[in-house]
Structures are given as C-alpha cells and as structure tokens.
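Subject: Structure handover

Hello,

Please find the structure below, followed by notes on what was found in it.

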Amino acid sequence: MNKKKTILIRVLAVVVLLVIAAAMMVIGRGHTVYFDNVAMEYEGKTYANPYRVDVYVKEERAAKLKADERGMASWMGANFKMTLEITENKGDEPTTKEFKVKLPQSMDGVIINIPALLADLPEEAYLSEFVQTIVEEPEEEEPSDTETDTPVDDLGTDGFEGLGDI
Amino acid sequence: MKNNTTTQMSFGKKLRRFLSDNPVPIMFIIICAVCIPVSGFSPGYLLNEIMTRMGRNTFLILCLLIPIMAGMGLNFGMTLGAMAGEIGLIFVADWQIYGIPGVVLAMIISIPISIVLGIFCGKVLNMAKGREMITSYIISFFINGVYQLVVLYMMGPIIPIKHSSIRLPRGYGIRNTVSLLNMRQCLDNLMSITIKGVKIPVLTFIIVGVLCLFFVWFKKTKLGQDMRAVGQDMEVARDAGINVERTRIISIVMSTVLAGFGMVIYIQNMGNLPTYTAHSQIGMFCIAALLIGGASVDHASIKNVFLGVILFHLMFIVAPSTGTKITGDSMIGEYFRVFVSYGVITVALTMYETKKRRIKSRAGQQLKADQKGDEADE
C-alpha cells in the first residue's frame, strides 16, 4: 500500500512537471516578427503601401517604416499585439489602429505585410514565414576545454574567460 | 576586583576562541577592509555589485549544504548539476523559449539529467567512503568529458538542434557561446526595486529565501534527521536502522538537482552561456565562498553561505582595482583573486584536518590521564 502511494506520488510529480513544461513551451515561445511596408499583389489586385507606418509593440516604438522598408520586434507567446500609426500620404494626419495577430507556434520568424493587414486580407495574404538565407561562415575553431598557450592559464585561471564575470 | 579579572579573563578567552574558530572569515574581513579604501569604489557601487552577485550565486552555494549535512563533505560533484542546467538552457535556446518560461523549462529539463547524474555520483561516492571530496572532484572531470562528447558531437546529428545560430558552422556541435539575450536577467528584473541606485533583485531573493526555509524545514523531517545521523556516525546510523547508502545517494541527488537550478539562475543573470567553460570552475568558486563564510568540511549553515558570498565577491570586486592601484598592473589583481580562491580552500581544508587531529590527540591524552588516575586510585 505504502509502495503504491510512493509510486503514485512520483507519477503525479512527473505528470505535473510535464504539464508545466508544456505550458512554458506555449507561453514562452518566442517569435521574431518582421513588418514589411511593401505594396503587394493578391488575387490580381495591388495593395499600395502607406507613406509611413510607425509600429508600436508593448507601448514602445519598434519600427518607423517608409515605403519598402522592414522593421522587426521580438515577441513572447502566440497572441501578438501591435499599434500602427499610419500616415497614408505625405503631410496627412496619422491614424492609429490596433491589431492582434495569432502567431503560428511552428514559426520562429514571422513576416507581416502591413498593406495586406490594413486591407483586411486573409491570414495567408499578410502572414508568411521568414526563412533565413544561409550565409557561408568561416569555420569556427574547435572549442578547447582548458588549454591555451597564454601563461595566465598555467596559473589556473582557465575558465575565467568563459565565465566572464563571476 | 577578582570578579572583574575573571570576567576579563573569560572575555579574553572568548575572544581567543572566537578568533581561533573563525580565522578564514576574519582574514577576509581584514583583506576587504584594506582593499576597499584602496580600490576607490563608492559604497553605492559596491552594494550594487554585491546585490547582483548575491542573487547570481547564493542558490548555487546553498546546494552544497545537504551533502555536508550527510557527512559527505564539500560536493565538488555539483558541477554535474551545473552541466545538466546548461543542457536545459541549450535546448531552451534552440526551441526559442523566452523569459521566465524559458528559465522554468530549462530547470525542468535539467531535473531528470541531474537525477541520473546524482544517482551515478552517489553510488560511486558510496564505494569511496571517506574520500568523497577527491572522488567527486574527479567524477566532475569525467562527466565533463561526457558532456563535451554530447554537446560537441551528438548535438546535431543525434540530438536535433534546429537553429544555425547555436550550432557550429560545420553542422554539428554547439558554438562556444550561446546567446540567451531573450532571457537575460528576466528573474532579476521582475519585481526588482531600486533604492538610491542599488538594484535589488527581489524575486531572486525570494527564491533563495524559499530554499533557505526549505532547508530549515528539511532538517526537521525524518530524511533530514537521517542525513544528520549518517553525517555524525555511519555505523551508529546503520545500527539505528537507517539505510545509510540510500540516504547518502538522496543527499547527492538533491544537491545535484539544486545545482542545476542554481546554474540556470546564474546563467540567466549573465545573459550568455559559455558552453564549454561555464561549469568548469563553478564548484571551486562556490566551495571557496562557503569556506570563506566560515563553513568547514563537516559543518555549514545558511549564515556561512551569505557571509561567504558577501566576503568572497567583495574581494573579487575590489582586488583587481586594488592590485592596479598598488602595483600599476591590473593582472596582479586578477592573479590575486584567483590564487586567493584556491588558497582559501587549501587553508580551510588544512585547518580542518589539523583541528580534527588536535581534538583526537586531546581525547587520547585525556584517556591516558584518566587511566593513570584510575591506576593511582587502585
């Protein structure tokens, strides 16, 4: 009986930890959101970009976009909120609009096309995945554990550089 | 008059006893008292630095208390937990989990790894009773090799790592440094307050406080009492029906799991993970801090942890600047703080052994005197 209780408590603890881990993966999922102020064509119709768009995320200006410009912000979670301050033409008074966008869990980088979003087009039109272009990098040195040829390490200070600051 | 002399004598004796009982903290208080004015740092700056470092290191140092309670000495094997915490952080960085959820997830990932490593370490230490410290020190080197094998060769081809930003350009292995910018100081900044320019990481201190309360409660539980009994005398504990081996393994597992949590807290404060070096000296620094706080191989308390963190890190902050001011060479200060941390471990361990031998010798002399007295009576 006592053994059964112990096993039950252990299984429960594991289940609770798994549930918390799953919740953290959803709540804490980070995305890099890119905003494109670029004219776009959808189903044969062209949607022109405004003259200037100021993007506010978490009450801070994340980007100031003129035509064909891109800005970005980091966001945690799936429900992305932003406020756009839109100036349609040069000299116009800016109008403010709030938007909520559901970010897909599977995407790290998300591109939001602002003209398509302003035109109330479906999600497939304004939202796309940001795919990083692979840039050839020079081969990084094999990480060494402790050995370097500086005399400092002979006195046992290796690890300090890595720690930076203790 | 006689009374006054007696009081003075007892005060002198008390003072001498106090000095002989706490030579390491006193030595460090003197070093800090000399170095602080020379360094030229303002009290506000020093206080700010101490607060940051207390939040960063205290949890890690607290994890050393349980093995000491169980009579296993200073657990150099805490490095194993630190490695488990780092593996958790690598996964969290790859899965792009930001902020506090990232910290919590890294801690959860570290738990099973810490438990497995803790059980392994505990079992090996049970085979090497009486030589736990040196054994745990060598185990940490061995597991460091396994960690490097996993992180350098298995992460990528066997363990999926998606992001090229943390993978080495050759396609497998993790880069020397993993950026954790999206979780940098997330624990420290949440609920933090600033008083006269001194930032106090309230949430981190609450977590440390909860761990301290846990220790106070844990000492009173049956398992806590068993650990103390095992720590005092293994044979007596075994005769009392305590499963000595199991109790010792549990103490190491608890210490390893807590070290994993502590490492996650430590790294989130730094904001980047030096993949191959972050854990290498962490055990040494934590043990040095605990010993500076007045702890010994067989006795340590929460107050030793706090005093140790303050003194050790105060010395770390002021020593380079003092060295530069005195000698005109900043490297002298760097050398100073390195050899002091190693030196203090040596001194503390030597003093512990000397004290133990002296007590044994006094007990022997007392026994001899008693026997002589008995013979004279007969």
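In chain A, the strands β6-β1-β9-β10, in that order, make up an open sheet of four strands with mixed pairing. (Strands are DSSP runs of E with at least two residues, helices are runs of H or I with at least four, and both are numbered from the N terminus; two strands pair if DSSP finds at least two bridges between them.) The edges are β6 (69-76) and β10 (127-129) of chain A; each has a single partner strand, so one side of each has no neighbour in the sheet. On average, neighbouring strands of this sheet are turned by 25° against each other, direction ignored. (Axes are lines fitted to C-alpha atoms, for helices over the stretch in contact, and angles between N-to-C directions run from 0 to 180 degrees.) Strand β1 (residues 30-37) of chain A pairs with β6(A) over eight bridges in the antiparallel sense, and A:G30 has A:M76 in β6(A) as its bridge partner.

The model is predicted: local features need pLDDT of at least 70 and side-chain atom pairs count only at pLDDT 80 or more, while totals for chains, interfaces and linings use all residues. Residues are numbered from 1 along each chain as its sequence is written, and chains are lettered from A and ligands numbered from 1 in the order in which they are written.

Chain A also has an open sheet with the strand order β5-β4-β7-β8 and antiparallel pairing. Its edge strands, β5 (60-66) and β8 (95-102) of chain A, each pair on one side only. Strand β7 (residues 79-87) of chain A and β8(A) pair over eight bridges, in the antiparallel sense. A:L84 is opposite A:K97 in β8(A).

In chain B, the axes of helix α2 (residues 23-39) and helix α14 (residues 302-327) come within 8 Å and cross at roughly 40°. That makes α2(B) oblique to α14(B), oblique being what remains once angles under 35 degrees (roughly parallel), over 145 (roughly antiparallel) and 65 to 115 (roughly perpendicular) are taken out. The residues of this contact divide into 15 nonpolar, three polar and one charged. (Nonpolar covers Ala, Val, Leu, Ile, Met, Phe, Trp, Tyr, Cys and Pro; charged covers Asp, Glu, Lys and Arg; the others, Gly among them, are polar.)

On confidence, the predictor gives the complex an ipTM of 0.83 and a pTM of 0.85. Chain B averages a pLDDT (the predictor's confidence in each residue, from 0 to 100) of 89, and 96% of its residues score at least 70.

Regards
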